[in-house]
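Subject: Model for your files

Dear colleague,

Here is the structure we spoke of handing over. My notes follow it.

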Amino acid sequence: MKLTVIERLKLQNLLPEAGNFVTLKLIRKLRETLSFSEQEIAAIEFKNEWKCEECKTMKLNLQNPKCEKCGKYMTPAGRVNWDEVKALKVIKDVHIGKSMQALCQALVKKLSDEEALTEQTMSLYEKFVVEDEESEKC
Ligand SMILES: [Zn+2]
């Protein structure tokens, strides 16, 4: 399945933290498959957002930076950033096994049922649910 940068990030966030042994092993493998290589991180200029607890300065950087004013290490502010134009060229063909396919399908279906689908997760719904239903018809 061909996935974009945003789809890979969103899918990683959707994956559950807990499960039984077998499921968790598969989830860990899928997380690894979805994660970004060093080359990809450089290609899309991926950066994390950091905040200085002292002076509240914000900064975008890949690794944990020190605050330029206070000299203290900054803490993750939770947001990530990348070059959207460059990211359009980064498409990864991800192999997703049957059981993980079923899990991902259930996760996006749940989002839809809860009316929590967004512009960014809608394409995952299309790939995991709509395309799957269409392939069953053939
Ligand atoms: Zn500071």
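**What was found**

Trp-50 of strand S2 has Pro-76 as its bridge partner in S4. Helices and strands here are DSSP runs numbered from the N terminus, with at least four residues (H or I) for a helix and at least two (E) for a strand. This is a predicted model, in which local features need pLDDT of at least 70 and side-chain atom pairs count only at pLDDT 80 or more, while totals for chains, interfaces and linings use all residues. Residues are numbered from 1 along each chain as its sequence is written.

**The chain as a whole**

The protein chain has 6 helices and 5 strands. Their order along the sequence is β-α-α-α-β-β-β-α-β-α-α. The C-alpha trace spans about 60 × 35 × 30 Å along its principal axes. Of the 138 residues, 15% count as buried; buried means 20 or more other C-beta atoms within 10 Å of the residue's own, exposed means 12 or fewer, and partly exposed is in between, with C-beta atoms placed from the backbone. Contacts are pairs of residues whose C-beta atoms, again placed from the backbone, lie within 7 Å. Among contacts between residues at least 6 apart in sequence, 51% join residues at least 24 apart.

**The sheet**

Three strands form an open sheet in the order S3-S2-S4, and the pairing is antiparallel. Strands S3 (58-61) and S4 (75-81) each have a single partner strand and stand at the edges, so one side of each lacks a neighbour in the sheet. On average, neighbouring strands are turned by 30° against each other, direction ignored; the axes behind such angles are lines fitted to C-alpha atoms.

Two strands count as paired if DSSP finds at least two bridges between them. S2 (residues 47-51) pairs with S4 over 4 bridges, and S2 also pairs with S3 over 4 bridges. On the S3 side, the bridge partner of Lys-51 is Met-58.

How many of the 7 residues of S4 are buried? The number is 0, so S4 lies largely in the open.

The hairpin of S2 and S3 has 6 residues between the strands. Lys-56 lies in that loop, and its phi is near 65°, a positive value in a residue other than glycine. Lys-56 is exposed, with 8 other C-beta atoms within 10 Å.

Glu-115, in the loop between H5 and H6, also is not a glycine and has a positive phi of about 55°. Glu-115 is exposed, with 6 other C-beta atoms within 10 Å.

**Helix H6**

Helix H6 (residues 119-137) has 19 residues and reaches 27 Å from its first C-alpha to its last, close to the 27 Å expected at 1.5 Å a residue. That expected span is 1.5 Å times one less than the number of residues. H6 has a kink of about 35° centred on Glu-126; the bend at a residue is the angle between axes fitted to the seven residues ending there and the seven starting there.

Which residues of H6 are buried? They are Thr-121, Leu-124 and Phe-128. These buried residues pack against helix H1 (5-14) and helix H5 (98-113).

Regards

How values were computed. Axes fitted to C-alpha atoms, helices over the stretch in contact; angles between N-to-C directions. Contact = placed C-beta atoms within 7 Å.
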